[in-house]
Amino acid sequence: MATRRGFLGTVTAAGAATLLTQTQAATSASAAPAATDEKAARDAIRNVNAGMRANYASLKSELIKHLSPVVVVQNNAVGGRFTLINNGVRVETVDPVPEYFELAKSIAHIPLGIYSVIAAYLSDQVPNIPNAERIDPHDLDMVAFKTPGDKGWTTPLSSYRTTLNSALTMLPTANLPDDLDASCTKILTEAVKFIDTIVKAASFDMVAFNRFAATVYPSIRVNMTFAATAQITGIEALMKRWRALIGEQAWSDLYVTVLSIWTTSDLNQASIIIRRTMNQAKVDTHLIDLPTVETPSDPIAVALDNLARIVQDNVAAEMVFNTDLKVADALKGKEDLLSDEILKQIGGTAPTADTAAFSAAAAATCPITGRTAAV
């Protein structure tokens, strides 16, 4: 068989030029349809996934109507809003936590309120304080973005001082329990004193603020105890009532979705409390924490949409990946299906969490109420 080189060697230079020109023209003519064919082929492949997603969304949309029983928890300033859904019907929406929760936390947040006013005016240098190594200098540099010497903090801080003093003046008529009243009085009094001192001096520093915060911290712990007791009491009482309402058989299959922001999603207080009231054999798979970037406009719709995806994936995992249970578990859980393969290729290992330790801690005796068993 003649090679391309041998054939070209037998023709004249002019003939070779003609041949090459004709060959290039033919190649160019066929390249355009080839590119078009490739795009069409790849689009056809993409359509396969688009079809899957459409079918998946359709199943999810219908499944939402059949999710039952479900409790949706929205974390909020009053201890949480709880919605019970049974047989596709929203049975009840309740804010079950006693008012002491909101009141105790309101006063406990005062140091954070003061910090929020003065933070931008801090020095961007970490001073020599006991916890200096725990403060990221870059974080501080970004937070302390105001020009040194700027006194813009005095007006908003004085305004906040007025708010605090009003609460302090009216506190005796709030009829709080004695211990809570005393702790709130201490926090408010020290806060007003701190503000008066730094406004008069027209200056402050991190050391002075740390000293103030340390002074009121024991009182903040008292408020935290009252808030925790209120939340535990309110949530457990509601769960006990709902459990009786829908019956033991239905309750044993209960799903709970807890919506929270990232900063409260790990060991979320509502999740810790409510897991004690659930079927302990299923709680690890039926209590779903859903961290959100911000509170959604329709929290219940978001919760049910995510839960429907989880439920249908639970079944899909066992049917689609019945020959590889590790991949099936990934589809049923939080892992991306490619995570294991990516870790293999980059030589990494997956982070681990001591779920068992968390479960044991959450189910243990409550240090405040002394309760151990599920309601």
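**Close-up views of a predicted model**

**View 1. K344 forms a salt bridge with D340.** In this predicted model, the closest N and O atoms of the pair are 3.8 Å apart. Both residues belong to helix 14 (residues 339-346), four residues apart, so about one helical turn separates them. K344 is exposed, at 59% relative accessible area. D340 is partly exposed, at 26%.

**View 2. R276 pairs with E236 in a salt bridge.** Their closest N and O atoms lie 3.1 Å apart. R276 is buried, with 7% relative accessible area. E236 is also buried, at 4%.

**View 3. A salt bridge joins R81 and D95.** The closest N and O atoms are 2.9 Å apart. R81 lies in strand 2 (residues 81-86), D95 in the loop between strand 3 (89-94) and helix 3 (100-108), so the pair ties together parts 14 residues apart in sequence. R81 is partly exposed at 36%, as is D95 at 35%.

**View 4. The largest nonpolar core has 59 residues.** V71, F82, I114, M239, W242 and V256 have the most contacts inside this core. Helix 8 (residues 206-246) gives the most to the core, with 13 residues. A second, separate core has 15 residues, including V72, L290, A303 and V311.

**View 5. V315, M319 and V320 make a nonpolar surface patch.** The patch covers about 320 Å². M319 lies in helix 12 (residues 299-320). M319 is exposed, with 61% relative accessible area.

Conventions: Residues numbered from 1 in each chain as written. Predicted model: local features only at pLDDT ≥ 70, side-chain atom pairs only at ≥ 80, totals over all residues. Heavy atoms only, no water. Patch = residues over 30% accessible without salt bridge, like charges linked within 9 Å, V, L, I, M, F, W, Y side chains within 5 Å. Areas by Shrake-Rupley, 256 points an atom, 1.4 Å probe, with all protein chains shown as cover. Salt bridge = Lys/Arg side-chain N within 4 Å of Asp/Glu carboxyl O. Helix = DSSP H or I, 4+ residues; strand = E, 2+ residues; numbered from the N terminus. Buried < 20%, exposed > 50% of the residue type's maximum accessible area, 1.4 Å probe, protein only. Core = buried A, V, L, I, M, F, W, Y, C linked by side-chain atoms within 4.5 Å.
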